[in-house]
2 protein chains.
Amino acid sequence: MILEIAQIDVRQGAEAAFEAGIREASAIFRAAKGCRSFTVRRSVEKPQRYRLLIEWETLEAHTEDFTGSQAWKDYRAMVSPYFESPPSVEHTELTLQAF
Amino acid sequence: MILEIAQIDVRQGAEAAFEAGIREASAIFRAAKGCRSFTVRRSVEKPQRYRLLIEWETLEAHTEDFTGSQAWKDYRAMVSPYFESPPSVEHTELTLQAF
């Protein structure tokens with residue numbers, strides 16, 4: 001299982017609109033093949049910064065099947081107007097789940 | 001519930017030693033008041049980059065009770081020799097758990 005961590009900085013004043021947009025967009029991820037969970041978190045220290053934590057069955061489910069697809073374009077249309085800058089996206093593998 | 005996200009870049013060649021150290025150090029977090037979960041993940045794109053995902057009951061459980069304590073010093077002694085640079089630490093609050 002891959003955990004995608006996407007860091008998104010939102011324009012000042014656009015936080016509520018972004019949150020509404022990402023809530024709507026979550027239905028796209030729910031329907032995406034190989035997408036297992038979808039969580040949005042907001043930074044305490046930098047309230048314009050959000051992180052999407054998205055579990056994918058495989059790396060390719062995100063990078064090959066989803067990214068660039070029509071579903072991805074629909075998702076981006078819902079939220080990218082609120083981006084301050086391009087998101088930074090990284091994929092991670094589990095090293096240790098201690099407790 | 002607060003999720004701390006700590007990004008740690010490890011010196012090249014020190015990955016295995018860091019992983020052993022953080023596994024040992026996880027016992028310190030297990031014993032820390034208010035610490036609910038402790039996960040370590042490794043970047044696919046940048047294999048020297050790790051992220052600690054640590055749940056705390058409150059922000060203060062991490063920032064006031066844990067950070068700077070003897071337990072924290074013990075934890076840092078176990079892993080900081082392998083750091084390439086100072087970790088970047090951020091705390092996040094849940095905005096949306098869609099599925």
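## Contact between the chains

Chain B gives 29 residues to the contact and chain A gives 29 residues, where two residues are in contact if their C-beta atoms, placed from the backbone, lie within 7 Å. On the side of chain B that touches chain A, the elements giving two or more residues are strand S1 (2–9), helix H1 (15–31), strand S2 (35–43), strand S3 (49–56) and strand S4 (88–97) of chain B. Helices (H or I, at least four residues) and strands (E, at least two) are DSSP runs, numbered from the N terminus. S4(B) supplies the largest share of this side, 8 residues.

By class, the side of chain B that touches chain A holds 12 nonpolar, 8 polar and 9 charged residues. Ala, Val, Leu, Ile, Met, Phe, Trp, Tyr, Cys and Pro count as nonpolar, Asp, Glu, Lys and Arg as charged, and the others, Gly among them, as polar.

The model is predicted: local features need pLDDT of at least 70, side-chain atom pairs count only at pLDDT 80 or more, and totals for chains, interfaces and linings use all residues. Residues are numbered from 1 along each chain as its sequence is written, while chains are lettered from A and ligands numbered from 1 in the order in which they are written.

## Strand pairing

Strand S2 (residues 35–43) of chain A pairs with S4(B) in the antiparallel sense, over 5 bridges; pairing requires that DSSP finds at least two bridges between the strands. A:Thr39 has B:Gln97, in S4(B), as its bridge partner.
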